[in-house]
Amino acid sequence: GKKAGLPLYRLFGGFSNKVDCYGTCGYYRDGKDFGELQAELQMMLDQGHRRLKVKTGGLPLEQDLDRLAFIRQFIGDDVDLMVDVNRAWDLKTAKKALKFLEEEVKPRWLEEPIRWEDDRRGAKL
């Protein structure tokens with residue numbers, strides 16, 4: 001970069017000197033209800049976050065999907081939402097969740113949806 005007189009991002013073909021970042025939230029805690037989750041999300045939005053990654057996979061699937069739908073409804077479609085399952089689902093559960101996520105939650109990405117032992121099945125997902 002010094003020799004060419006260019007910042008590294010330009011040397012590597014980049015077009016911006018800014019990097020998008022996200023805040024991670026939505027961790028589980030015993031007794032944490034939607035009111036507390038909403039307050040946490042509001043705090044993240046008030047801090048200026050426009051991209052949020054939330055944890056999931058810690059509750060039975062239907063409860064987790066309700067929780068993700070609540071999060072999407074609260075933050076709206078103008079905020080990027082990323083979903084981190086932390087390898088909590090088997091392939092069957094992930095397939096069941098995927099349709100709902102695509103239609104209702106619209107995550108920017110779905111991170112580690114299936115268990116370690118199901119890695120070879122990731123292509124099927």
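## Exercises on salt bridges, a pocket and the surface

By the rule that a side-chain nitrogen of Lys or Arg lies within 4 Å of a carboxyl oxygen of Asp or Glu, the count comes to 12 salt bridges. The structure is a predicted model, in which local features need pLDDT of at least 70 and side-chain atom pairs count only at pLDDT 80 or more, while totals for chains, interfaces and linings use all residues. Residues are numbered from 1 along each chain as its sequence is written, and side-chain values use heavy atoms, with hydrogens and water left out.

**Exercise 1. Work out which parts of the chain are linked by the salt bridge of Lys53 and Glu111.**

Step 1. In the salt bridge of Lys53 with Glu111, the closest N and O atoms are 3.1 Å apart.

Step 2. Lys53 is in strand 2 and Glu111 in strand 4 (residues 109–111), so that distant parts of the chain, 58 residues apart, are linked by this pair.

Step 3. Lys53 counts as buried, because its relative accessibility is 7%, while Glu111, at 23%, counts as partly exposed.

**Exercise 2. Describe the largest pocket by its volume, its lining and the elements that contribute to the lining.**

Step 1. The largest pocket holds about 170 Å³ of space. On a 1 Å grid over the protein atoms alone, a pocket is an open set of points where a 1.4 Å probe fits, with protein on both sides within 12 Å along at least five of seven lines, and lining residues have an atom within 4 Å of a point. Grid points are joined across faces, edges and corners, and the volume is the space filled by probe spheres set on the points.

Step 2. The lining is made by Tyr27, Tyr28, Arg29, Lys32, Asp33, Phe34, Leu37, Leu59, Gln63 and Arg67. Two or more of the lining residues come from each of helix 2 (34–46) and helix 3 (61–75).

Step 3. Sorted by class, the lining has 5 nonpolar, 1 polar and 4 charged residues, where Ala, Val, Leu, Ile, Met, Phe, Trp, Tyr, Cys and Pro count as nonpolar, Asp, Glu, Lys and Arg as charged, and the others, Gly among them, as polar.

Step 4. Lys32, one of the lining residues, forms a salt bridge with Glu40, with the closest N and O atoms 2.4 Å apart. Lys32 is partly exposed at 23% relative accessibility, and Glu40 is buried, with a relative accessible area of 17%.

**Exercise 3. Identify the residues of the nonpolar surface patch, and locate Phe12.**

Step 1. Leu6, Leu8, Leu11 and Phe12 make a nonpolar surface patch of about 420 Å². Patches are made of residues with over 30% relative accessible area and no salt bridge, and nonpolar side chains (Val, Leu, Ile, Met, Phe, Trp, Tyr) are joined within 5 Å; the areas come from the Shrake-Rupley method with a 1.4 Å probe.

Step 2. Phe12 is found in the loop between helix 1 (8–11) and strand 1 (23–25), and counts as exposed because its relative accessibility is 70%.

**Exercise 4. Compare the backbone and the accessibility of Asn86 and Arg87.**

Step 1. Phi is near 55° for Asn86 and near 60° for Arg87, in each case a positive value in a residue other than glycine.

Step 2. Asn86 sits in the loop between strand 3 (80–84) and helix 4 (91–105), and Arg87 also has its place in the loop between strand 3 and helix 4.

Step 3. Asn86 is partly exposed, with a relative accessible area of 38%, whereas Arg87 is buried, at 16%.

Conventions. Helices (H or I, at least four residues) and strands (E, at least two) are DSSP runs, numbered from the N terminus. Patches are made of residues with over 30% relative accessible area and no salt bridge: like charges are joined within 9 Å, nonpolar side chains (Val, Leu, Ile, Met, Phe, Trp, Tyr) within 5 Å. Buried means under 20% relative accessible area, exposed over 50%, partly exposed in between (1.4 Å probe, protein chains only).
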